[in-house]
Amino acid sequence: MKIHIGKEIRAELRRQGTSVLWLATELHMQRPNVYRIFQSPSCDTDLLLRLSCILHTDFFLLLSRCIKDDTCIPKIRKQSQWQSQLQ
């Protein structure tokens, strides 16, 4: 299962009952940019770290569970060099 991180961020914001305007203010950006984050299936790691800190939610953990469960890595890359070195 591939994770759409923008949808996960939006879901967490809603779960906390926090507004998009509040998040935009915390990120020092305008609301349309926050909506673009919600629409994006991926996110820059620096931005994801900021979002994790602001929302007190470890979005990296969500992504790492996907890797650990082996549910989001394409089959072609499953036997990549870095994985074989971990075994």
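## The largest pocket

In this predicted model, the largest pocket holds about 250 Å³ of space. Its lining is made up of 13 residues, and the closest to the pocket centre are Lys2, Ile3, Pro41, Ser42 and Leu63. Two elements, helix 4 and helix 5 (59-68), each give two or more residues to this lining.

Helix 5 provides the largest share of the lining, with 4 residues. By residue type, the lining of the largest pocket divides into 10 nonpolar, 2 polar and 1 charged.

## Overall make-up

The protein chain has 6 helices and 0 strands. Read from the N terminus, the order of elements is α-α-α-α-α-α.

The chain has 87 residues, of which 30% count as buried. Among contacts with a separation of 6 or more, 56% are between residues 24 or more positions apart.

## The nonpolar core

The largest nonpolar core contains 16 residues. Ile9, Leu23, Leu27, Val34, Phe38, Leu51 and Phe59 have the most contacts inside this core. At least two core residues come from each of helix 1 (5-15), helix 2 (20-27), helix 3 (31-39) and helix 4 (45-55). Helix 4 supplies the largest share, 5 residues.

Apart from neighbours within four places in sequence, Leu27 is in contact with Val34, Ile37, Leu47, Arg50, Leu51 and Ile54.

## Helix 2

Val20, Leu23, Ala24 and Leu27 are the buried residues of helix 2. They lie on the same side of helix 2, because the arc they cover around the axis is only 100°. Helix 1, helix 3 and helix 4 are the elements against which the buried residues of helix 2 pack.

## Helix 3

In helix 3, the buried residues are Val34, Ile37 and Phe38. Their arc around the axis is only 100°, so they sit on the same side of helix 3. Arg36 and Gln39, on the other side of helix 3, are exposed.

The cover over the buried residues of helix 3 includes helix 1, helix 2 and helix 4.

## Glu12 in helix 1

Glu12 is placed in helix 1. The relative accessibility of Glu12 is 11%, and this residue therefore counts as buried, since the cut-off for buried is under 20%.

With residues up to four places away in sequence not counted, Glu12 touches Leu55, Thr57 and Phe59.

Technical notes: Residues are numbered from 1 along each chain as its sequence is written. This is a predicted model: local features need pLDDT of at least 70, side-chain atom pairs count only at pLDDT 80 or more; totals for chains, interfaces and linings use all residues. Side-chain values use heavy atoms; hydrogens and water are left out. A nonpolar core is a set of buried Ala, Val, Leu, Ile, Met, Phe, Trp, Tyr and Cys residues joined through side-chain atoms within 4.5 Å. Buried means under 20% relative accessible area, exposed over 50%, partly exposed in between (1.4 Å probe, protein chains only). Contact means heavy atoms within 4.5 Å. The arc is that of the directions from the helix axis to the C-beta atoms. On a 1 Å grid over the protein atoms alone, a cavity is a set of points where a 1.4 Å probe fits but cannot get out, and a pocket is an open set with protein on both sides within 12 Å along at least five of seven lines; lining residues have an atom within 4 Å of a point. Grid points are joined across faces, edges and corners, and a volume is the space filled by probe spheres set on the points. Ala, Val, Leu, Ile, Met, Phe, Trp, Tyr, Cys and Pro count as nonpolar, Asp, Glu, Lys and Arg as charged, and the others, Gly among them, as polar.
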